[in-house]
Every structure is written in structure tokens, then in C-alpha cells.
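Dear colleague,

I am passing on the structure below, and my notes on what was found in it follow. Please read them with the coordinates open beside you.

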Amino acid sequence: MRLLAHQVLRRVAFWSGLAVLGATGLGYLYAYDASRDRALAQMQAFAENQGRHEEQAFRDAQAHLDHFRAEFLRRYQDAAVDYGARFDALYAAGADGALRLDPSWYRGHRTADGRYAVHTTGFVGTKHPPLDDDFRRRLVIATELAAELGPAWGEPFANLHVSLPENAMVLYWPGTPWGRQARADLDITAGKVVAATLRANNPERQPVWSGLYFDLTARQWTVTYQLPVDSADGRHLVNPSHDILLDALLARLERSRLPGAQVLLLSRDGHLIAGPREMAERDRERGVLHVDELDDPLPARVHRLASEHMDQGHASHVMHDAESGAYLAFTRIDGPDWRLVTLFPEDEIATVAHKAAMMMLVLGLALQLILLVTVGSVLDRRVSQPIRRLRDAADGLARGEAPAEAGAGLPADQDNEIGSLVRSFRALAAKVEQRQHELEDTVAVRTRALAEANEQLEQLSRTDGLTALPNRRAFDADLAQVVASQEPLKAMALGMLDVDAFKAYNDTLGHEAGDHALRQVAAVLAGQMRRDVRCYRYGGEEFAVLFTAIAVPHAERILRRILEDVAALALPHPASPHGVVTVSAGLAKSYGAGEDAASLIRAADRQLYAAKASGRNRLAVG
């Protein structure tokens, strides 16, 4: 029977093996071609759809400024409304000679027709030609339109600004009073951005897209779109424009790329706007953005290929690049005229084909096994019964039984294929058990590492990045815990401190000096921290000190020492009557359970305001 089983199984194995090999070969060729065609079609559709999607912000910018132009010209041509008569009520000359819009338009202002204007500034530099009635009319219309339309055009637009060729500009820019801060002798028309709209530099009167630049105010990569607006007789009237923030676009490109693919976004002149993260971060740290100056030669090659095909009129195109071993899908983003390129390596397509072929191989082997089992089932019980026992043992192992229990009773001593298979099964089961133990050990190590990382993250979330003191979140949590655990007749105290005239300090010396001053004040507070004296950055230029247990009776003395130590820093403060940076403080105490955290904060704040009102650089105790 051993010989019969051997002969039968050899014949079945031979012919079924040939069948599986042939089917797998044919399946591989089919799967490779189908996978390649499917991937290329997917790349083409993906590139086109992504290009259309990413154009939306630029189409919106064009639509916004077209609407602005139409509304501006409508008002400009409406002779029934004397816009110029409103000029003197809106603009006034300062001591530096520049004309600036009334500050109430930035803080919040209700206009005569009931509209609410906010975040709007205007500026006319000293280097301007004589201001005639037509200029006044245009500037008033531009100011009112910027205040009306700016709030409706938010992200990804940082602002709405309108320049006039007479060296004037109006901006709607939340958080940035540019028109109040511009130098009086600033010549707006001398800058490249506005100069590109002047008739001498733009005789065709085309919309202007700036190059890519990093906006230091918005802290994002930015591109600017401007639209020259002329009168019917060809006079240059105004230039509405948008600064378009690109961080959201760059993040979407990273999130939406196809698995295994790379995405490059290139300007027409060869600047890398988005690319592989590791390459982009490394080269941008060096300040290199042009493809010819990157360490990686691939973007330069891709830019050349994209230019060759798109200059031939192809809006989108897929090609194979033998040198890089990848398929490239090109598409154009209208507006700034950028090239969006998706790279899909040939190896990825081959991997997909190999996976499909392996699936067919597995199915073929399964079919072969079924044939062998079917043939063996008619043989003597010395073949069929051990096979069933082996199957039962495999099932037991799959259910989680121990290898020794699952393999019990198998005929491992037989000197034939069955015995060899049983011994291999036992070896495999032992390896499975070993791998299981290794996996459990790995999971335990990773769990501990995750717990440590979470603990570090929690600590970072409670620390102020500028001063290294515990932040507002830590303060709220600690104060709530102290209040909740406070016992009757057990005192606690809260001190609130504020840097005197800090806004004036920032306006005079700049935000970098302000940050330095806050760090110095924080260092003084950190020097007073003890187990029962905890210091926090409460927000902005305001700090908090929480006293518990034995530190409460000494709270007033500790706060006075902090005031003295801050003044002793002798940080110059030209806008302060004290001449140096000082702080004011308010102290409130609680003598037992029943008072909540909000009440204690309000009490300390009242004392802080009292200290401010009494001349600053003082401590008020409630």
C-alpha cells in the first residue's frame, strides 16, 4: 500500500503541479497587465481630480477679485454718490505726515449706513502725488469695499488688500494693523508685488500671480494674486489682491497621495512647492527651493519632463520614465500655473502583480491538496486515518491548544510521507509557540514604551513653551485639585501678577524683546517655587502663584520679594514711569472649604486691578 500510495500521489502531484504552474504563469501575465493598466488609469484620474480640487482656492481668488472689480467700478461710475466727501472723515494726517484710516475701523466701527467695519486699516505714504478728488473717491470706495467683503473671504486667504498707484493701500487683515504700523516714507509702488501691476510693467493689464514666498506674519508659505482695475479710458484705478495661504494645500497633497506614490508640486520656473517630506524638510532648512539646487536630482528631471509635455499643450499626461523607473502623471494647476506630478514606481506595479500571482499559486496549491486528500481517502487507513488525525491536530492548534496537546496521538514514527509530515507539523507547532511567546514579550515592551511616551506628552502639554513654567492647563488642574481637597480651617492663597504696561513695551521694543522680558520674569518666579509654592504662566503677560499649607502665611512676603526681584532685573522700559520692567500683584486668601476656584481667581484679580490702579509695581492684598 505504501508503494501504491507513493505511485498515485506522485502522479497526482506531478500533473496537478504542472496545471498549477501553467495557471499561475498565465495568471501572472494577466494580473501584471491588468494591474498596470488599472494603476495608470487610476493615476490619470487621480492627477486630474486632484489638480481640479487644488485649483479651487485659486479659482476662488479670481472670482473674489472679479467681484471686487465689478462692484468697485459700479460705485466709481455712480456719480450720484459723492464718495470723496467722506475722505476727511475717514483719513487724517499724523505727526509723521502719512495719512491713515481712523483706528476705529480696525477696533470695530459702525458706519453711517449701519454696516460694521473691523480689522481694516488704510495708509497713504508721504511719497505721493497731489491728492485730487478722484483719488479721494477711489480710496474711500476701496476702504468701504475692503471692510465689507474682507470678512466673507476667510481661509485660505490671509487678507484682502487694495493698493492704489498713488502710493496708498487699504487692508482687511484680522490681527494685523498694517496700515497703522507702516513707515510714513514707505513707497508701496517700489515693491516688486505692487510694481508688477503698474501700466509701465504690465501694459497688457493681466492679473498678476506672485512667486512662492514665506509670509513672516502668517507663518505660512504664501502666493499673492493681484488684479489691476482700470477705468474705461484706461486709467489705472486700484489693485485688489489676496494672499493665499498654502499650508492646507500642502497637507492635503501629503494625505491624499496614492499608496506607494510620491507627489511633487512645482512652479513653472522650477521651484519645489511640495515634495517627499524628508527631502523637502531637509532642503527647506537650507533655504533651497529650486529643483536645480536640491541634493536629489529627481525633482529637476521631473520638472524638465513636465515642461516638455505641458508646453506641447497637454493639460494632463501619463508617461513612463525609464531612468527613474517610475510612471509620471502630470497635470496643470491653473492660476499660478503650477505642475502637479504623481510618481508611481514600477516596483509597486510589479508587487501588485506578484501578489495576484501568489494568490493564484496559493489557490492552485489548495486545489492540489484537495486532490491529494481525495485520492488518499480511498487508500488504506494507514494513509487516510493519519491524515484526518493530522487535520484535527492542525485545527486544535488554530483553536489555541498547546502544541503538545494538539499533536497528541499522531503517528510520528511512521517511515513514510505521513510520518515526515507529522514531524514537520510538530516542528512548525513548536515554532508557532515560540513566536507567540516572542510576540507577547514584544507587546509588553511596546506597551511600556507607549506608557512612557504618554507620560512625557502629558508633561509637555502642561508646560508653557516660552517660559518653561507650568501653563494655564496645569494651573486650572492644580487649583481645582487644591480647592476640592481643602479642609475646614485650612488656608490657601492665590497671587495674580501682571507685567506693567506690557503692550507698550512690545509696541516700543518689539515682540522679541517682550518674549525675553517674559522669560526673565518667569525665571524670577521659578526661583520661588517650592513644594507649597507653585508658579504658572496664566496667559499673555499674566502669571499666577498658588500657596498651600505652610507657605500661606508667607505669601505676601514672597510676592513682595518677586516684585523687588523683577524690578532688580533692571530691564529698560521706556514707556513705563518706573523706567524698568515691573509687575503688579494681587493676593487673595481662602480659609476653609466652600469657596470655588473661580471665586478665588476673581478675588485675586480684583486685588491685581487695585494694585494697577494705585500706581503699579505694587502688591494689593484682599
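Asp 233 is exposed, because its relative accessible area is 58%, where exposed means over 50%, buried under 20% and partly exposed in between, with a 1.4 Å probe and protein chains only. The side chain of Asp 233 meets that of Arg 235 in a salt bridge, at 3.4 Å from N to O, a salt bridge being a side-chain nitrogen of Lys or Arg within 4 Å of a carboxyl oxygen of Asp or Glu. Arg 235 is partly exposed, with a relative accessible area of 36%.

Before going further, please note that this is a predicted model, in which local features need pLDDT of at least 70 and side-chain atom pairs count only at pLDDT 80 or more, while totals for chains, interfaces and linings use all residues. Residues are numbered from 1 along each chain as its sequence is written, and side-chain values use heavy atoms, with hydrogens and water left out.

The protein chain has 622 residues, of which 45% count as buried, and it contains 19 helices and 22 strands; these are DSSP runs numbered from the N terminus, with helices being H or I of at least four residues and strands being E of at least two. Among contacts between residues at least 6 apart in sequence, 62% join residues at least 24 apart, a contact meaning heavy atoms within 4.5 Å.

The structure holds 25 salt bridges, and two further pairs deserve a description. The side chains of Asp 321 and Arg 301 meet at 2.5 Å, N to O; since Asp 321 lies in strand 15 (residues 316-321) and Arg 301 in helix 10, the pair ties together parts that are 20 residues apart in sequence. Asp 321 counts as buried at 3% relative accessibility, and Arg 301 likewise counts as buried at 18%. In the other pair, Glu 556 and Arg 560 meet at 3.0 Å, N to O, and because they are 4 residues apart in helix 18 (residues 555-568), they are separated by about one helical turn. Glu 556 is partly exposed at 30%, and Arg 560 is partly exposed at 37%.

Helix 10, which holds Arg 301, is mostly covered, with 10 of its 13 residues buried, including Leu 298, Val 302, His 303 and Met 310. Its end C-alpha atoms are 18 Å apart, in agreement with the 18 Å that residues 298-310 should span at 1.5 Å a residue, the expected span being 1.5 Å times one less than the number of residues. Helix 2 (residues 56-77) has 22 residues and reaches 31 Å from its first C-alpha to its last, close to the expected 32 Å. Among the buried residues of helix 2 are Phe 58, Glu 71 and Arg 75, and Glu 71 and Arg 75 also belong to a network of salt bridges with Arg 74, Asp 113, Arg 115 and Glu 148.

Arg 75 is also one of the residues in contact with Glu 144, together with Tyr 83, Arg 86 and Trp 105, leaving aside neighbours within four places in sequence. Glu 144 is found in helix 5 (residues 133-149) and counts as buried at 13% relative accessibility. Its side chain makes a polar contact with the side chain of Arg 86 at 2.5 Å; a polar contact is a pair of N or O atoms within 3.5 Å, where within protein one must be able to donate a hydrogen and the other to accept it, and residues adjacent in sequence count only if both atoms are side-chain atoms.

Two backbone angles may be worth a look. Most residues other than glycine have a negative phi. Ala 501, however, has a positive phi near 50°; it sits in the loop between strand 18 (491-499) and helix 16 (502-509) and is buried at 17%. Arg 616 has a positive phi of about 70°, lies in the loop between helix 19 (597-613) and strand 22 (619-621), and is partly exposed at 33%.

Finally, Gly 586 lies in strand 21 (residues 583-591) and counts as buried at 0% relative accessibility.

Best regards
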